[in-house]
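Subject: Structure handover

Hello,

Here is the structure, passed over to you. My notes follow below it.

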Amino acid sequence: MTSASTAPASIPRSLFVFSVLYGGMTCTAGILGVKQVALGPLAVEAGIFAFLQLVILSSAVAELHGQKIATSLVRLGFIPLIMSALLIQLVIALPHDAGMYPPAVDAFPIVVGQGARMMLAGLISYGISQTLNVLIFAKLSRGKGKLVWLRGMTASIISQVIDTLLFITISFYGERPIMELMAGQMVAKIVLSIVLVPPLISLVVWIGRKLDAPA
(Lines give C-alpha, C1' and ligand atoms only; values in the text may rest on other atoms or scores of the structure.)
Protein backbone atom coordinates (compact mmCIF):
# COMPACT_ATOMS: atom_id res chain seq x y z
CA MET A 1 0.00 0.00 0.00
CA THR A 2 1.39 3.39 -0.99
CA SER A 3 1.88 5.77 1.91
CA ALA A 4 0.49 9.30 1.78
CA SER A 5 3.99 10.73 1.71
CA THR A 6 4.96 8.80 -1.42
CA ALA A 7 1.65 8.98 -3.32
CA PRO A 8 1.88 10.99 -6.55
CA ALA A 9 0.36 14.44 -6.32
CA SER A 10 -2.73 14.95 -8.48
CA ILE A 11 -2.69 17.56 -11.23
CA PRO A 12 -4.91 20.54 -10.41
CA ARG A 13 -8.00 20.52 -12.58
CA SER A 14 -7.36 24.01 -13.90
CA LEU A 15 -3.83 23.09 -14.97
CA PHE A 16 -5.08 19.99 -16.79
CA VAL A 17 -7.88 21.84 -18.60
CA PHE A 18 -5.75 24.85 -19.51
CA SER A 19 -2.90 22.63 -20.73
CA VAL A 20 -5.24 20.79 -23.09
CA LEU A 21 -6.59 24.08 -24.43
CA TYR A 22 -3.06 25.48 -24.74
CA GLY A 23 -1.87 22.56 -26.86
CA GLY A 24 -4.86 22.92 -29.15
CA MET A 25 -4.37 26.65 -29.59
CA THR A 26 -0.71 26.25 -30.60
CA CYS A 27 -1.84 24.19 -33.60
CA THR A 28 -4.87 26.35 -34.39
CA ALA A 29 -2.91 29.62 -34.45
CA GLY A 30 -0.85 28.56 -37.45
CA ILE A 31 -3.86 27.45 -39.49
CA LEU A 32 -5.95 30.54 -38.75
CA GLY A 33 -3.00 32.76 -39.65
CA VAL A 34 -3.54 32.03 -43.33
CA LYS A 35 -6.50 34.42 -43.39
CA GLN A 36 -6.16 38.19 -43.08
CA VAL A 37 -9.18 39.77 -41.40
CA ALA A 38 -10.30 43.40 -41.43
CA LEU A 39 -11.31 44.87 -38.07
CA GLY A 40 -12.49 48.29 -39.13
CA PRO A 41 -9.39 50.09 -40.41
CA LEU A 42 -7.07 47.45 -38.96
CA ALA A 43 -5.84 44.40 -40.88
CA VAL A 44 -4.49 41.46 -38.92
CA GLU A 45 -3.82 37.79 -39.53
CA ALA A 46 -6.55 35.71 -37.89
CA GLY A 47 -4.05 33.59 -35.97
CA ILE A 48 -3.84 36.42 -33.43
CA PHE A 49 -7.14 35.26 -31.90
CA ALA A 50 -5.68 31.86 -31.07
CA PHE A 51 -2.35 33.41 -30.08
CA LEU A 52 -4.10 35.71 -27.61
CA GLN A 53 -5.61 32.59 -26.05
CA LEU A 54 -2.07 31.28 -25.56
CA VAL A 55 -1.13 34.55 -23.87
CA ILE A 56 -4.19 34.41 -21.63
CA LEU A 57 -3.80 30.74 -20.74
CA SER A 58 -0.08 30.98 -19.94
CA SER A 59 -0.66 34.09 -17.81
CA ALA A 60 -3.55 32.40 -16.00
CA VAL A 61 -1.37 29.38 -15.26
CA ALA A 62 1.34 31.70 -13.94
CA GLU A 63 -1.22 33.37 -11.69
CA LEU A 64 -2.67 30.12 -10.37
CA HIS A 65 0.34 27.81 -10.34
CA GLY A 66 3.45 29.98 -10.58
CA GLN A 67 5.92 31.21 -13.19
CA LYS A 68 7.89 27.98 -13.32
CA ILE A 69 4.86 25.86 -14.23
CA ALA A 70 3.72 28.42 -16.81
CA THR A 71 7.16 28.50 -18.43
CA SER A 72 7.15 24.71 -18.61
CA LEU A 73 3.76 24.89 -20.32
CA VAL A 74 5.21 27.24 -22.93
CA ARG A 75 8.13 24.89 -23.58
CA LEU A 76 5.86 21.86 -23.84
CA GLY A 77 3.84 23.82 -26.40
CA PHE A 78 6.67 23.21 -28.86
CA ILE A 79 5.65 19.54 -29.02
CA PRO A 80 2.19 19.95 -30.62
CA LEU A 81 3.50 22.89 -32.66
CA ILE A 82 6.31 20.86 -34.22
CA MET A 83 4.28 17.66 -34.53
CA SER A 84 1.45 19.45 -36.36
CA ALA A 85 3.93 21.12 -38.74
CA LEU A 86 5.59 17.80 -39.54
CA LEU A 87 2.27 16.03 -40.07
CA ILE A 88 1.07 18.79 -42.38
CA GLN A 89 4.22 18.45 -44.49
CA LEU A 90 3.77 14.67 -44.59
CA VAL A 91 0.16 14.93 -45.71
CA ILE A 92 1.05 17.50 -48.38
CA ALA A 93 3.78 15.19 -49.72
CA LEU A 94 1.48 12.16 -49.94
CA PRO A 95 -0.40 11.70 -53.25
CA HIS A 96 -4.04 12.82 -53.17
CA ASP A 97 -6.93 10.50 -53.83
CA ALA A 98 -8.23 10.59 -57.40
CA GLY A 99 -11.74 11.28 -56.15
CA MET A 100 -10.76 14.25 -54.01
CA TYR A 101 -12.80 17.43 -54.59
CA PRO A 102 -10.75 19.09 -57.38
CA PRO A 103 -10.57 22.67 -55.98
CA ALA A 104 -9.36 21.29 -52.65
CA VAL A 105 -6.37 19.60 -54.30
CA ASP A 106 -4.68 22.92 -55.03
CA ALA A 107 -6.20 24.81 -52.09
CA PHE A 108 -5.05 22.44 -49.33
CA PRO A 109 -1.27 23.07 -49.54
CA ILE A 110 -1.91 26.81 -49.90
CA VAL A 111 -4.09 26.94 -46.80
CA VAL A 112 -2.09 24.74 -44.44
CA GLY A 113 1.41 24.70 -45.94
CA GLN A 114 4.25 26.95 -44.84
CA GLY A 115 7.78 27.38 -46.09
CA ALA A 116 10.73 26.38 -43.92
CA ARG A 117 11.55 30.03 -43.26
CA MET A 118 8.07 30.80 -41.93
CA MET A 119 8.08 27.65 -39.80
CA LEU A 120 11.38 28.70 -38.25
CA ALA A 121 10.01 32.21 -37.70
CA GLY A 122 6.94 30.79 -36.00
CA LEU A 123 8.94 28.60 -33.63
CA ILE A 124 11.35 31.37 -32.65
CA SER A 125 8.70 34.06 -32.20
CA TYR A 126 6.43 31.68 -30.27
CA GLY A 127 9.12 30.57 -27.83
CA ILE A 128 10.54 34.02 -27.11
CA SER A 129 7.29 35.98 -26.98
CA GLN A 130 5.40 33.46 -24.84
CA THR A 131 8.29 33.06 -22.40
CA LEU A 132 8.54 36.84 -22.18
CA ASN A 133 4.80 37.11 -21.58
CA VAL A 134 4.97 34.76 -18.60
CA LEU A 135 8.06 36.50 -17.23
CA ILE A 136 6.57 40.00 -17.43
CA PHE A 137 3.22 38.90 -16.02
CA ALA A 138 4.86 37.17 -13.05
CA LYS A 139 7.32 39.98 -12.32
CA LEU A 140 4.58 42.61 -12.32
CA SER A 141 2.74 40.82 -9.53
CA ARG A 142 5.44 41.57 -6.94
CA GLY A 143 4.01 38.72 -4.91
CA LYS A 144 0.64 40.47 -4.40
CA GLY A 145 -1.45 38.71 -7.01
CA LYS A 146 -3.53 41.82 -7.75
CA LEU A 147 -4.58 43.63 -10.93
CA VAL A 148 -4.59 40.47 -13.02
CA TRP A 149 -6.27 42.30 -15.91
CA LEU A 150 -3.64 45.05 -16.00
CA ARG A 151 -0.69 42.69 -15.70
CA GLY A 152 -2.13 40.44 -18.38
CA MET A 153 -2.75 43.35 -20.75
CA THR A 154 0.73 44.82 -20.22
CA ALA A 155 2.48 41.48 -20.71
CA SER A 156 0.38 40.77 -23.79
CA ILE A 157 1.15 44.12 -25.43
CA ILE A 158 4.90 43.77 -24.94
CA SER A 159 5.05 40.11 -25.96
CA GLN A 160 2.86 40.73 -29.04
CA VAL A 161 5.14 43.54 -30.21
CA ILE A 162 8.18 41.27 -29.82
CA ASP A 163 6.35 38.44 -31.59
CA THR A 164 5.58 40.71 -34.55
CA LEU A 165 9.15 42.02 -34.76
CA LEU A 166 10.61 38.53 -34.79
CA PHE A 167 8.08 36.79 -37.02
CA ILE A 168 7.87 39.39 -39.77
CA THR A 169 11.61 40.09 -39.80
CA ILE A 170 12.58 36.42 -39.99
CA SER A 171 9.83 35.56 -42.50
CA PHE A 172 10.03 38.46 -44.94
CA TYR A 173 13.25 40.45 -44.51
CA GLY A 174 14.94 40.79 -47.88
CA GLU A 175 11.88 39.54 -49.77
CA ARG A 176 9.46 42.45 -49.36
CA PRO A 177 9.16 45.79 -47.51
CA ILE A 178 8.36 44.96 -43.90
CA MET A 179 8.05 48.26 -42.01
CA GLU A 180 4.48 49.05 -43.05
CA LEU A 181 3.40 45.45 -42.55
CA MET A 182 5.06 45.35 -39.15
CA ALA A 183 3.54 48.65 -38.01
CA GLY A 184 0.02 47.60 -39.02
CA GLN A 185 0.31 44.26 -37.25
CA MET A 186 1.64 45.89 -34.08
CA VAL A 187 -1.18 48.42 -33.91
CA ALA A 188 -3.80 45.71 -34.45
CA LYS A 189 -2.28 43.42 -31.82
CA ILE A 190 -1.95 46.22 -29.27
CA VAL A 191 -5.60 47.21 -29.76
CA LEU A 192 -6.77 43.61 -29.44
CA SER A 193 -4.63 43.14 -26.32
CA ILE A 194 -6.21 46.21 -24.73
CA VAL A 195 -9.76 45.24 -25.67
CA LEU A 196 -9.77 41.46 -25.24
CA VAL A 197 -7.11 40.47 -22.71
CA PRO A 198 -8.38 42.24 -19.55
CA PRO A 199 -11.87 40.67 -19.48
CA LEU A 200 -10.73 37.29 -20.79
CA ILE A 201 -7.82 36.77 -18.41
CA SER A 202 -10.00 37.81 -15.47
CA LEU A 203 -12.59 35.26 -16.60
CA VAL A 204 -10.04 32.46 -17.14
CA VAL A 205 -8.40 33.01 -13.75
CA TRP A 206 -11.86 32.98 -12.12
CA ILE A 207 -12.72 29.73 -13.93
CA GLY A 208 -9.39 28.24 -12.84
CA ARG A 209 -10.06 29.03 -9.21
CA LYS A 210 -13.52 27.50 -9.48
CA LEU A 211 -12.06 24.35 -11.02
CA ASP A 212 -9.50 24.05 -8.23
CA ALA A 213 -11.93 24.78 -5.40
CA PRO A 214 -12.62 21.78 -3.11
CA ALA A 215 -15.73 19.88 -4.14
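**I124 and its surroundings**

Setting aside neighbours within four places in sequence, I124 touches L166 and I170 (contact means heavy atoms within 4.5 Å). I124 sits in helix α6. Helices here are DSSP runs of H or I, at least four residues long, and strands are runs of E, at least two long, both numbered from the N terminus. I124 is partly exposed, because its relative accessibility is 31%. The scale is this: buried is under 20% relative accessible area, exposed is over 50%, and partly exposed lies in between, with a 1.4 Å probe and protein chains only. I124 and L166 are 42 residues apart along the chain, and their C-alpha atoms are separated by 7.5 Å.

**Ground rules**

This is a predicted model, where local features need pLDDT of at least 70, side-chain atom pairs count only at pLDDT 80 or more, and totals for chains, interfaces and linings use all residues. Residues are numbered from 1 along each chain as its sequence is written, and side-chain values use heavy atoms, with hydrogens and water left out.

**Overall layout**

The protein has 8 helices and 2 strands. From the N terminus, the order is α-β-β-α-α-α-α-α-α-α. The C-alpha atoms fill a box of roughly 60 × 45 × 25 Å along the principal axes. Of the 215 residues, 34% count as buried. Take the contacts between residues at least 6 apart in sequence: 76% of them join residues at least 24 apart.

**The cores**

A nonpolar core is a set of buried Ala, Val, Leu, Ile, Met, Phe, Trp, Tyr and Cys residues joined through side-chain atoms within 4.5 Å. The largest one has 32 residues, and Y22, Y126 and I201 have the most contacts inside it. The elements giving two or more residues to this core are α1 (13-32), α2 (47-65), α3 (67-76), α6 (116-141), α7 (148-172) and α8 (179-212). α2 gives the most, with 10 residues.

What does I201 touch, leaving aside its neighbours within four places in sequence? The list is I56, S59, A60, F137, V148, W149 and G152.

There is also a second, separate core of 5 residues, including I168, F172, I178 and M182. F172 lies in helix α7. F172 is buried, because its relative accessible area is 18%. Neighbours within four places aside, F172 is in contact with R117, M118, I178 and L181. F172 and M118 are 54 residues apart in sequence, with 8.5 Å between their C-alpha atoms.

**Helix packing**

Axes are lines fitted to C-alpha atoms, for helices over the stretch in contact, and angles run from 0 to 180 degrees between N-to-C directions.

First, α2 with α6. They pack at about 40°, with axes 9 Å apart. So α2 is oblique to α6. Angles under 35 degrees count as roughly parallel, over 145 as roughly antiparallel, 65 to 115 as roughly perpendicular, and the rest as oblique. α2 passes α6 in a right-handed crossing. Right-handed means that the near helix is turned clockwise from the far one by less than a right angle; anticlockwise is left-handed. On the α2 side, the contact uses F51, L54, V55, S58, S59, A62 and E63; on the α6 side, Y126, S129, Q130, N133, V134 and F137. By class, this contact has 7 nonpolar, 5 polar and 1 charged residues. Ala, Val, Leu, Ile, Met, Phe, Trp, Tyr, Cys and Pro count as nonpolar, Asp, Glu, Lys and Arg as charged, and the others, Gly among them, as polar.

Next, α2 with α7. The angle is about 130° and the axes are 10 Å apart. The two helices are therefore oblique to each other. This crossing of α2 over α7 is right-handed. α2 brings I48, F51, L52, V55 and E63, and α7 brings V148, R151, S156, S159, Q160 and D163.

Last, α1 with α4 (residues 78-93). They pack at about 40°, axes 8 Å apart. That makes α1 oblique to α4. The crossing of α1 and α4 is right-handed. G23, T26 and C27 of α1 meet P80, L81 and S84 of α4. The contact has 3 nonpolar, 3 polar and no charged residues.

**One backbone detail**

L147 is in the loop between α6 and α7. Its phi is near 50°, a positive value in a residue other than glycine.

Best wishes
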